Amino acid sequence: MIHTYRLNGMHCTSCVGRVQQALEGVEGVKKAIVSLNPQEAVVSMGCHVDTAELDRAVQTAGSYSLTDEVEVIDTMKPPIVGAESTPQPAITAEPDQFSLTTYKPLLLIGAFIVGVVGLVELREGEFDWMRAMNNFMAGFFLVFSFFKLLNVQDFANSYRMYDIVARAIPGYGLAYPFIELALGVAYLLNWNPLVTNTVTLVVMGVSLIGVVQSVLDKRKIQCACLGAVFNLPMSTVTIVEDSLMMAMAGLMLWTMLV
């Protein structure tokens, strides 16, 4: 059974993370998906939980409140054959639509990294694909870890909403920016490429699982790739970003092993 409730008092992704964690701590709640705009909570229950109990749980997380059930979808009740059905409002997010304005920060950062890598190759006098990919990975991890480190706690709260490891191990979200920073330094120093690329494949692969699940579920949540600084929606753009990093790490591993 899935219920949708209105929420009040949330102002940022950190609030979203606290409210979601509070709801998922209520006995009988299997999963909760909280959105900031609109302020709603979609709660999947194994058994009925009173609205008052959910509201009390939300209030323990901060100055928030939960009121007014919006929609109930009973997934256990089969449809009545021949009965007139009334269309129900969808509880999923808006379709993924690419927008240059929305993704401008991500595109600018990517362009700057590519530009710096190009200038380095120009200085060297000849273009070397392996060196260029290595330098791109270094720039990617250093820049992206910088934005996450500006507010590690808010990043961790956002990351926990979709990453499978961060959801199971809360401390992983706090450690992730430092993992990216370490990978950036490792690529920059060309330290043990075999280990560095293997770790990158594992870290980005695990992250990609949660991203794909969120996009397929059309969940309207914030992508934490640039921390809590920019409000980037989770979309296929995030899938392409993670897949590109995995592809480059895999290619560099393959060239070392063959």
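Select Arg-160 to begin: this residue is buried, at a relative accessible area of 16%, where buried means under 20% relative accessible area, exposed over 50%, and partly exposed in between (1.4 Å probe, protein chains only). The model is a predicted one, in which local features need pLDDT of at least 70 and side-chain atom pairs count only at pLDDT 80 or more, while totals for chains, interfaces and linings use all residues. Residues are numbered from 1 along each chain as its sequence is written, and side-chain values use heavy atoms, with hydrogens and water left out.

Arg-160 belongs to the loop between α5 and α6 (164–168) and Glu-24 to helix α1 (residues 13–24), so the contact ties together parts that are 136 residues apart in sequence. Helices (H or I, at least four residues) and strands (E, at least two) are DSSP runs, numbered from the N terminus. Glu-24 is partly exposed, with a relative accessible area of 23%.

From first C-alpha to last, α1 reaches 16 Å, close to the 16 Å expected at 1.5 Å a residue; the expected span is 1.5 Å times one less than the number of residues.

Glu-121 is buried, at a relative accessible area of 3%, whereas Arg-131 is partly exposed, at 29%.

Select Arg-123 and Glu-124 next. These residues form another salt bridge, with the closest N and O atoms 3.0 Å apart. Arg-123 counts as exposed at 63% relative accessibility, and Glu-124 as partly exposed at 38%.

Turn to strand β3 (residues 40–45). Five of its six residues are buried, so the strand is largely enclosed by the rest of the structure. Two strands pair if DSSP finds at least two bridges between them. Strand β1 (residues 2–8) pairs with β3 in the antiparallel sense over five bridges, and Ile-2 stands opposite Ser-44 in β3. Strand β2 (residues 29–35) is likewise antiparallel to β3, over six bridges; here Val-34 faces Ala-41. A hairpin of four residues joins β2 to β3.

For the last stop, select Tyr-176, Ser-207, Cys-225, Glu-241 and Asp-242. Of the 16 residues lining the largest cavity, these are the closest to its centre. On a 1 Å grid over the protein atoms alone, a cavity is a set of points where a 1.4 Å probe fits but cannot get out, and lining residues have an atom within 4 Å of a point. The structure holds one cavity of 30 Å³ or more. About 100 Å³ of space lies in the largest cavity, a volume being the space filled by probe spheres set on the points, which are joined across faces, edges and corners. Helices α4 (129–149), α5 (152–159), α7 (170–189), α8 (193–216) and α9 (236–257) each supply at least two lining residues.

Key:
1 Å grid on protein atoms, 1.4 Å probe; cavity = no way out; pocket = protein on both sides within 12 Å on 5 of 7 lines; lining within 4 Å. Salt bridge = Lys/Arg side-chain N within 4 Å of Asp/Glu carboxyl O.
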